[in-house]
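Dear colleague,

I am passing on a structure that I would like you to look over when you have time. My notes follow below it.

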Amino acid sequence: MVGTQRSPPVKALQSYGITKPLSVAGPSAADVKRNSELEKFLVDEGLYEIKEETTRREEVLGRIDQIVKHWVKQLTHERGYTDQMVEDANAVIFTFGSYRLGVHGPGADIDTLCVGPSYVNREEDFFIILRDMLVEMEEVTELQPVTDAHVPVMKFKFQGISIDLLYASISLLVVPQDLDISNSSVLCDVDEQTVRSLNGCRVADQILKLVPNFEHFRTTLRCLKYWAKKRGVYSNITGFLGGVNWALLVARLCQLYPNAIPSMLVSRFFRVYTQWRWPNPVMLCAIEEDELGFPVWDPRKNHRDRYHHMPIITPAYPCMNSSYNVSQSTLRVLTEQFQFGNKICQEIELNKQHWSSLFEQYMFFEAYKNYLQVDVLAVDAEDLLAWKGWVESRFRQLTLKIERDTNGMLMCHPQPNEYVDTSKQFWHCAFFMGLQRTEGVGDQECQQFDIRGTVDEFRQEVNMYMFWRPGMDVYVSHVRRRQLPPFVFPNGYRRPRQSRHQNQQHREPGEEGVGSMSAYAERHAKRKNDNELLDTRPEKREKRASLSPHSIDLVSPDSSAITTGGTPQSGIVSGPRAECLVTGDLVCNIGSLPNVEVEAEKLISKSTELIKFSQYEHNSGSKQILEVDSRTLVQGCHDLSVPVGKHVRPHLSAVVACEGGQNEETGRDMGSESVNDTDTQLLLRRRNLKEDVDEVERESRWEEIADGVLRNGYCGRNLNNELWDIETNIRKDCLKLACQKNFSQILCLAGWGGRKTELGQTLCRMH
C-alpha cells in the first residue's frame, strides 16, 4: 500500500504567508466568464489525463510498492535477522512533484520516494540489488540509475509509465506504514542526500497546507506550467524554473489573492512577478531553524546565498533555495517572458486578445542572430541516454562560465529542448544556446568576446564523466541564424520571417544590417576559400596555426558579418571550421562537427593519395608541406582532449600555388597541396625512379607517412576519391570503425591490403 497522503480540505479564509494579502476581492462576472474560457482552453489543449490512465497510474504505484516491500524483506532475511524482523520489515512509497500536487498531465512521469529502514543503504542495496531485480522484470524498460546527481535517482518506465524513484534510509529498524513524513523527526541521523530525497515530499505536503484553495491553486499551476513550456522557460536543469519552483511562485500568489479564481490569478501572476524586485526571496512561510543543525538559506550567515539571483525558498525544514540554478542570463529571459505574459493578460482583460495568444510558442530560433550548437554523440541508444543526460546537466555551467569570462556582457539563452536529425544513421542529439550582448554595451561597435578557453574548460569538464565510454563525444560549434540546421524547425523547414513581438527581443536600431553581406557574396567567399591555396590573410597566420579542431575563438553577438571558410553547418554534417573574419561586432571561430561516414571515406581517399604522393617525395632536400583543410579533419582520438588532426601552415615564402590545376601525369588535383619550388621539380623527376628505391628506404618512408597520418591527420583538400579495390563489406566496416574512432583498424581494413600492406602493418604497430 502506498504511504498515506491526504489532500487537505478547503479551508476558511485566514491569513496566509509572511505578509497580509494584497487583495481579498472576489471575482466579478467578467472574471468568471474569462475563467470558464480558460478552463475550456486547458481541456481542449489536452492537459488533463483520462480516467483510465489515472487508474493505471494507481495500479503501477501499487505494484512498485509491492516490489520494494519484497526487496526489503529479502535483504532482511539474507542478513540474518530474526523471523519476526523479516515479517515486520517494510518500505513505504510516497509521491511528490506534479503527481502529488495534482497537476500532472497525460504521459507525465511520477516522482516517487521509497523510504526504507536504516540497514538498507542507497549505494549497494538500492542502486545494485534493487536495480538488478527491476532489470529482470518485463514491465520495466529504459532503466537508468543516476547515482551522481544532486538527488540520486533511478529512472525507468513501468508498463510504459515513467517513474523517477528516490530512496531514503531513515534511522528506524522498522518503517511504519503510516509514517508521517512531514514530521522533522524523520531527519534525525541521516545524511544530506537523504534530507534532499525526503524534502520533495515534505515540500509538496507543505505547499498544499499553505494555500487558501488548493483547487484554484492546481488549475492556476497547471496553466502556468503549460505556459512556461510553450515559452521555453520550464527547465530547472538548464537554469530556468522547474516544477517545484513554479508551484512555489503560484502558491505565494494564492496567498496574496486568497479569494481570486484561476483567471484572476494568472493575470496577477504576471503583474506581480514583472514588478518583483529580485533577489528579494519568495517565501510561503518564515524560515524555520531547528536544533538538528542542517544549513538553511540565510544570506546573512551564508556567503554563497548572497549571490543567488532569484531565490524561491522551500517551506519545509531545512528551508533551501529551490532556484539556485537561475543565472543572470536566465533571469533576464524569465523577466522578458513575464513582461510578455503581463501585456497579453492586460489585452485579454480588455477583450483585445484570447487565451490562446498567451500560449503562443516562443520562436527561439528567430530570436537571436547567433547560437552555440552542442552536439552529443554515442555509439548506441543506451550510451546516448546516459551521455546526453550528463551533458545536459553540465549545460548550465557553460552559461555561467560565459557570463564569468565576459564579465556579464554576453548573455546566454539556453534552449531546454533537445533536437535530433532523423536523417542521420547514428545516435546523436543537439542542444542550442542563443547569444546576445547585454543591454547597455550596444554602443561598443567592435566589442568582441573571446570564449575559446571557456568552451575548452566546458568540454574538459564534460569529458570527465565517470561512466565515459568510447564513442561518447561532444562538439561545440557556432551557427548563425540563417545557418541553423533544418531539423530544429517544425516540418524540417524554417517559416518565412515575420515581425516578432517587441518583448521577445531588444535590438538596437539598425543593428540588423551591421556588417551584413548578401547570401551570394557569402557563398562566393566560401567557394573561394575552398579553392584557394594561399591564406590571403598573412597577418592571421600565426594565430590560426595554433587552433585545435575543438577550439572556439571569438564570439561577439548580434552580428551577421561572419565569413566562413566553407559551407555553413546544417546539423551534423561534414563541414569546415568556422573561420571567421572581423567585419562587424560578432566574431566566432568554432570547430564544427564532422560527418563520420563522409570523413571515413575521406580518410581512406586521402590515405590513398598519401601512398602515391610519397612515391615522389624522397630525398628532396626540404620537407614536404601539406596545406591542411579543416573540412577533412577527422577527430578520432581515444583521449578526447587530444585531437588527431592539426593545422599545418607553411611559411608563405616557401609556398607555391599550383593554380588548382590537374597534374597531367598523375591525373589528380594538386590545387590543395603546397610544396617548395625545389621539391616540385624533384618530385616530378623522382616519380620515374621509384623502382630504384631499395627496401630499407621504403620501409623508412612507410614509418614517416604512418606517423604523419596518426599524429597530424594528413588530409588534403579537393582531392579525387580514388579508392583502391576495396570490397564493399570492408568499406562498411571502415565506416563502422569510424564511428568508434578506431583508426588503426580502419587503416588495416582499408587494406592497406595487397600491395599496400606495408603501411597498414606499420600503422597498426605504431598505434
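**Notes on the structure**

Ser28 is partly exposed, with a relative accessible area of 35%, where partly exposed lies between buried (under 20%) and exposed (over 50%), computed with a 1.4 Å probe on protein chains only. Please note that this is a predicted model, in which local features need pLDDT of at least 70 and side-chain atom pairs count only at pLDDT 80 or more, while totals for chains, interfaces and linings use all residues. Residues are numbered from 1 along each chain as its sequence is written, and side-chain values use heavy atoms, with hydrogens and water left out.

Ser28 sits in the segment before helix 1 (29-44), helices being DSSP runs of H or I with at least four residues and strands runs of E with at least two, numbered from the N terminus. Although 233 residues separate Ser28 from Ile261 in sequence, their C-alpha atoms are 9.9 Å apart in space.

In helix 5, the buried residues are Arg122, Asp125, Phe126, Phe127, Leu130, Met133 and Leu134. They lie on the same side of helix 5 because they cover an arc of only 160° around the axis, the arc being that of the directions from the helix axis to the C-beta atoms. Their cover includes helix 2 (51-78), strand 3 (140-146), strand 4 (153-158), strand 5 (161-169) and helix 6 (192-210). At the start of helix 5, a side-chain oxygen of Asn121 comes to within 3.5 Å of the backbone nitrogen of Glu123.

As for the protein chain, it holds 22 helices and 11 strands, and 54% of its 767 residues count as buried.

Definitions and conventions. Contact = heavy atoms within 4.5 Å. Polar contact = N/O pair within 3.5 Å; in protein donor to acceptor, adjacent residues only side chain to side chain.
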